[in-house]
Number of protein chains: 6
Amino acid sequence: MTEPPTFSLPPTFLGVSKTGRDAELCIAGIPLDIGTTNRSGARFGPEAIRRASRMLVDGAHPQRWIDPVASLELADIGNFDIALGDISASLALIEAQAAPLAHLAALGGEHTVTLALLRALAKKKGPLGLVHFDAHVDTWRDNFGQAYAHGSVFFHAIEEGLVDPRRMIQIGIRSPVQKEVFDWTLSKGVTIITAQDAHLRAPSDLAAAIRSVVGEGPTYLSFDIDVLDPAFAPGTGTPEVGGLATWQAQAILRGLETVDFVGMDVVEVAPAYDHAEITALAAATIVWEYLALIASSR
Amino acid sequence: MTEPPTFSLPPTFLGVSKTGRDAELCIAGIPLDIGTTNRSGARFGPEAIRRASRMLVDGAHPQRWIDPVASLELADIGNFDIALGDISASLALIEAQAAPLAHLAALGGEHTVTLALLRALAKKKGPLGLVHFDAHVDTWRDNFGQAYAHGSVFFHAIEEGLVDPRRMIQIGIRSPVQKEVFDWTLSKGVTIITAQDAHLRAPSDLAAAIRSVVGEGPTYLSFDIDVLDPAFAPGTGTPEVGGLATWQAQAILRGLETVDFVGMDVVEVAPAYDHAEITALAAATIVWEYLALIASSR
Amino acid sequence: MTEPPTFSLPPTFLGVSKTGRDAELCIAGIPLDIGTTNRSGARFGPEAIRRASRMLVDGAHPQRWIDPVASLELADIGNFDIALGDISASLALIEAQAAPLAHLAALGGEHTVTLALLRALAKKKGPLGLVHFDAHVDTWRDNFGQAYAHGSVFFHAIEEGLVDPRRMIQIGIRSPVQKEVFDWTLSKGVTIITAQDAHLRAPSDLAAAIRSVVGEGPTYLSFDIDVLDPAFAPGTGTPEVGGLATWQAQAILRGLETVDFVGMDVVEVAPAYDHAEITALAAATIVWEYLALIASSR
Amino acid sequence: MTEPPTFSLPPTFLGVSKTGRDAELCIAGIPLDIGTTNRSGARFGPEAIRRASRMLVDGAHPQRWIDPVASLELADIGNFDIALGDISASLALIEAQAAPLAHLAALGGEHTVTLALLRALAKKKGPLGLVHFDAHVDTWRDNFGQAYAHGSVFFHAIEEGLVDPRRMIQIGIRSPVQKEVFDWTLSKGVTIITAQDAHLRAPSDLAAAIRSVVGEGPTYLSFDIDVLDPAFAPGTGTPEVGGLATWQAQAILRGLETVDFVGMDVVEVAPAYDHAEITALAAATIVWEYLALIASSR
Amino acid sequence: MTEPPTFSLPPTFLGVSKTGRDAELCIAGIPLDIGTTNRSGARFGPEAIRRASRMLVDGAHPQRWIDPVASLELADIGNFDIALGDISASLALIEAQAAPLAHLAALGGEHTVTLALLRALAKKKGPLGLVHFDAHVDTWRDNFGQAYAHGSVFFHAIEEGLVDPRRMIQIGIRSPVQKEVFDWTLSKGVTIITAQDAHLRAPSDLAAAIRSVVGEGPTYLSFDIDVLDPAFAPGTGTPEVGGLATWQAQAILRGLETVDFVGMDVVEVAPAYDHAEITALAAATIVWEYLALIASSR
Amino acid sequence: MTEPPTFSLPPTFLGVSKTGRDAELCIAGIPLDIGTTNRSGARFGPEAIRRASRMLVDGAHPQRWIDPVASLELADIGNFDIALGDISASLALIEAQAAPLAHLAALGGEHTVTLALLRALAKKKGPLGLVHFDAHVDTWRDNFGQAYAHGSVFFHAIEEGLVDPRRMIQIGIRSPVQKEVFDWTLSKGVTIITAQDAHLRAPSDLAAAIRSVVGEGPTYLSFDIDVLDPAFAPGTGTPEVGGLATWQAQAILRGLETVDFVGMDVVEVAPAYDHAEITALAAATIVWEYLALIASSR
């Protein structure tokens, strides 16, 4: 082990000291949370995930035997600017800040931020494949009357052509949902694996299904922390019971080496509802799994 | 989604506005907790479950494609009167209030309330089948010297002929227990599936076992939240580790469409020990699963 | 004591059952929190204050010997509609809902809501006197670039002529503040009593100062819970140490019998940061003090 | 300092190792909490107070320069037996266990236990003087229909002649209360000092008032922890804002050297609502102040 | 059930009243936590585990049908002395206190204590077999520069010949780790089962693997609570997501009847990060499983 | 207000971006906590204080009308290196790192760190005056057998001649203490103002007493957060009830303009026991008051 001890590390993601936006892979926080329909507080997600990530600083991934910090040129570029209390203006700001980056792993903030990130990426790479972990389909047309908020992200992403719904798969879905919303999603070509399905299938089988859906094109990973059961991720805004265990999500991700990932986010960590940092640590570990995946695939 | 957002909904169960006791299916809170042998506080269970239920207001059950709120004539009739500090008087009050209702889903309170509810039902329908989720057999003769409290509910229910023990099944049992208490329970004909058994069997197999035991007669569902592992339900009075995950309980319940349920309760939610409402949300979701089951079976 | 016990009361404010908007005095929740510059979560303030208010249901005020519930025609009219994620639209909605009410005690939500409430009142009554308890002057021109949010409420209220700054007094001020903001406030005629001043003066003296400033015209009470020290009110978004004890705030309010209050709010209760409901109880008690004041003054 | 460090001390009160009931002064826990009208959980008060008391083990009282552990023959005799779920039977058990003790400092449990303790003492010493710290008068005739519970303790104590109301003084009163209950209390001769009064008077003046009321006869101290403001004692069942600071209670007690105390209790500590043990530590310190008072007066 | 109720039991382990160090099996707390590299606080582990153990006092193990309290001569001998702020001196003290005991189940404290316990045992019994549940291999050469702390326990145990690495198995490993540390461990002959492996294999299969590795010689069980997922054991210092469920650990332990266990510890319970005692209860239950195993094997 | 909002600021102290050790005034964290005799966890104090300090970033001190960030050349130089698990080695490291700095405001960590800081300063400036806020005298000769830990800091500081005891004053003392320890302290010339004394005197009078004791020579401020009552600072290791309110500490500090301060620390913030950051915010505010004092005195 290298000094200093975990508790004394600076609270950047994985303790990285680089901050330049021209890095190979950038970590950025996006502290937007005004589009949540239940509990707010995801604005403090980025800093909580950074702090928790310090448990993962030192050593290699115990399956891939690669240390993301050593293997990738990582920079923690801090938090994106947002417009206080204004969703649309914030989406524009986020897109503008994401656009120039080579590869971004974003720490939410709530799920609305993904729409801006997909807009930035799709301009460069065309419609993307999407691996979407979530308890909710997030393909509602609106959110209690608000067009742009965390429940309509993928409605807009599909309508705007940012993702290719036939290369889009949702894992862990389990919330109540209007049948017409669910059917619309299926009708666009999206593959949905409910949480109950996921519990009854082996992670390797689920990974194979994902690989099959997204194929070889550029693909985005959007990980809503509420895909995990509230036991594993209490610190989130719209929890639903019956979700995945963290080990399942890890095992699935470990089976996605062949996917061409071009960006990712982990969203909806609301630290005020977390306990002993377990949600933040789960989120940090998902990003770390992603980084190990990227590092291994080169 | 319909307005208002989740966080602004009134705290009735699933936001229902009907309050009449002549509804097809009534929700009632029973804030009794003086019969707990360890942590108290289940008196605040009903209001916590109601608040948490708001996450489930909007949309259909994502397997049955039925929305309980739209499909059933539901009323939240508030809390039952109880006698402060007096178990026996409270049991009489509860029975009297439950008796006239067509179909009751009760929000505990501690498990002692189930005895009163079974008394009310058995008078109308004779000895009942029983699906009993719990960490504890609850067939002790007494509770540290007290005849009527939460550990002796089913001893009395069997002795009073309220349930037919050959049509009674317990799932999730795992607490320390005197062998004579366990053997007495078995000797009456009760089927016991321990938590360790449950973890090693598929939920569909467990559902089949339940259906086989309870058969076609009128059956009651009593769901002690401590059947779940404390990771999933910390907010309870007598936790035992090694319990079920919430998804398992949901999967089992989803396999019980053919059972003729005539009433249910979810008990032992103690909010002072909960975190981020996860226990209350689990309890609310169990009731919601039950309502979807009832709605589907008509 | 009347039945049922406190823990079983329905969670309306002071347990009142009237809900009609034509009542003499209406209680409404306003679950807006997207204008907060630090911690969010005040959207759950109204329901937390209502629950906590149940400690105060039964009996008379132990100085005025009047029971607000018995003496006033009170209605809890539920929560105001707001526009999810849109401050300006929410302000318009709030104003429209407040306008027809005879007398409103509002449960926030964050401080931005006060601007809408003052707009509604000023249209009917002209520029108002203002008794403003707060740690912050809230007379910034903007909030990190956002014109309308919780730090600029009284800048706009003064600029729009909703309040008469010479009849406006702020008590408990103590946050860092730019000297030009402070001076602008004083230059408009506002009286400022800092928290340090307040600690060194008797509550009766402070009440006299307030009465002197607001005089005889119609006056509004805006009580930001962060005027209290975080020890007494941890559950808030922008805490500042060095604040008032709750007893001081009560003592000051008890000295304001002669003020002609025409409305009030208590804002910035963020339950996710509260502990054991102490912040919510403080907020509920402030409203109860206000109701006793109104009831006594008739 | 003597070994071992605080964190390793056994969790008896002040770490005392004596357990014999014939000690000069006995500490006993009374884990009854079924008579609470709001939050339950005081059953865990005794063990929480014992754990917290370890901060006070080592050294002398920094005003009296006496170490209670060294100066008194103290025994921690464990918890009294109670009857689960049965108030009346519990009161009889408590009285029987208290009766033989020379001098008892009792750790509640809720306030109902004081009635049993006064019954035991009054049989030996006749009607007692009473120093009663509380937010509530506790002289209601009943508790939501229940004769014996924590709100009617002193109604019964007065009616049964256990205390001499003219030698009884209540400090810190501030809850809503029916005027007839308040007036009944005054009419019996009880002196009431409200919390607002207490805040405006010097502790030495309050101590003089107490000494004047209780005079020279045998006197009991009943300290309901809710006399403290919830900021200082959040871990209690029926909190009321506006209460005393702990230093005030200590200062008052330090002025009572001339009072002939014959027993005491500290009640209503509900650890599930406490934070960082601050309520339990306040309770332990009150007992420690009492012990220093007793030790000094010999 | 025997009196008193759970909440009133004295806080010794399983409520045992024997304290003599010559008992057949001793329980001792070891409140050392200065060797933790992240969160501290395990010094309060022993008392938290004792309190939580009271849920397990009454009745038989529901698979083995043996009550450890009745079947074994158990003593809770309190906490070992340690040297405040001095790891090396503490290790010497711990070894000296452990040496004379016939059979010890130790309650940590952090994992460093195991080194001292192994030293004491190995002197009597030679190199031991080791069943090691943990998220971390704990075979680092040092801990951020410190030779003896909780990450280097088994490096020293192997180097000092206290354990036979060919009879040593680690279950649940999943933290980041330098490949050379992992390889060194394997090169010594240690068997490692990662958490991901464990999730994909049946507990009975894992138990068979353990039995096969440790064989028939004297064997030690060291159970670091962080082998459990943070959902099941949040109250620990160096959590890693993706861990075991408690039921899995129990199921594995239940398959180890044939192992000749000569001592055990459960370590790294940090109560300040626990919630509702779930971590402490898991730890207490693991000890209880061990005791049932020992009792059954005689 | 300047962008970004509080919740998005980087977690340096007061958001300062300078990190050079040659700044006019440096902020450093010292994450040592192994010398605590009760609760540990102060190792996380520095980062908690930094996060909380963001509430104070923007604006001037509302009495001195000076903004410390704008007026001083401030640098946050991160955390000092410490030796894991080794107090003596850590003291040497701390002293060496502090020595070259022009002026240091240190964020503890526990109180032991002050000894190293005084050693560094006294070498440069000779025996110092000392303003010491604390619940404990910290002049014990040892700490449960350990010479150097948080209870013996000022014994050593006096014995080593680092401070001039006749220019040393302790404010807020209230813990139990052996009379010989207290008397030794007085005999050296130290002035002690107990918490009870402090509550009965005006802050301006206390400030005058401090000024009178420390006179004109170089003076150090050591602020143990446990000088505050646990209501105001629950997040600490050795709490004592009866302490100061935060406003009192602020008022006293504001009266010390004429003191020649050459360094300061705030110690014993243990975030695991904090709630809603109130302790960390109190600590951050004390440092901010100090900075405003320094800035004003130039």
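What percentage of the 298 residues of chain A count as buried? The share is 72%, where a buried residue has 20 or more other C-beta atoms within 10 Å of its own, those atoms being placed from the backbone. The model is predicted: local features need pLDDT of at least 70, side-chain atom pairs count only at pLDDT 80 or more, and totals for chains, interfaces and linings use all residues. Residues are numbered from 1 along each chain as its sequence is written, while chains are lettered from A and ligands numbered from 1 in the order in which they are written.

Chain A holds 10 helices and eight strands. Both are DSSP runs numbered from the N terminus, with helices (H or I) of at least four residues and strands (E) of at least two. The radius of gyration of chain A is 17 Å, close to the 19 Å from the globule rule for 298 residues, so chain A is as compact as a globular protein of that length. That radius is taken over C-alpha atoms, and the rule is 2.2 Å times the number of residues to the power 0.38. The C-alpha trace of chain A spans about 55 × 45 × 40 Å along its principal axes. Among contacts in chain A with a separation of 6 or more, 77% join residues 24 or more positions apart. A contact means that two C-beta atoms, placed from the backbone, lie within 7 Å.

Contacts between chains were examined next. Chain F places 27 residues in contact with 32 residues of chain C. On the chain F side, α9 (246-254) and α10 (278-296) are the elements that give two or more residues. This side has 17 nonpolar, eight polar and two charged residues. Here Ala, Val, Leu, Ile, Met, Phe, Trp, Tyr, Cys and Pro count as nonpolar, Asp, Glu, Lys and Arg as charged, and the others, Gly among them, as polar. Between chain E and chain B, the contact takes 27 residues from chain E and 31 residues from chain B. Again α9 (246-254) and α10 (278-296) of chain E each supply at least two residues to the side that touches chain B. That side of chain E divides into 17 nonpolar, eight polar and two charged residues. No contact joins chain C and chain E, whose closest C-alpha atoms lie 15 Å apart. Chain B and chain F also have no contact, with their closest C-alpha atoms 15 Å apart.

Helix α9 was then followed in chain B. Eight of the nine residues of α9(B) are buried. Among them are Trp247(B), Ile252(B) and Leu253(B). Their cover includes α7 (195-200) of chain A. From chain B itself, it includes β4 (128-133), α7 (195-200), α8 (203-214) and α10 (278-296).

In chain D, the axes of α9 and α10 come within 10 Å and cross at roughly 15 degrees. This makes α9(D) roughly parallel to α10(D), a term for angles under 35 degrees. Axes are lines fitted to C-alpha atoms, for helices over the stretch in contact, and angles run from 0 to 180 degrees between N-to-C directions. Residues of α9(D), including Ala249(D) and Leu253(D), meet residues of α10(D), including Ile286(D) and Tyr290(D). The contact of α9(D) with α10(D) comprises six nonpolar, two polar and two charged residues.

Technical notes: A residue is buried if 20 or more other C-beta atoms lie within 10 Å of its own, exposed if 12 or fewer, and partly exposed in between; C-beta atoms are placed from the backbone. Angles under 35 degrees count as roughly parallel, over 145 as roughly antiparallel, 65 to 115 as roughly perpendicular and the rest as oblique.
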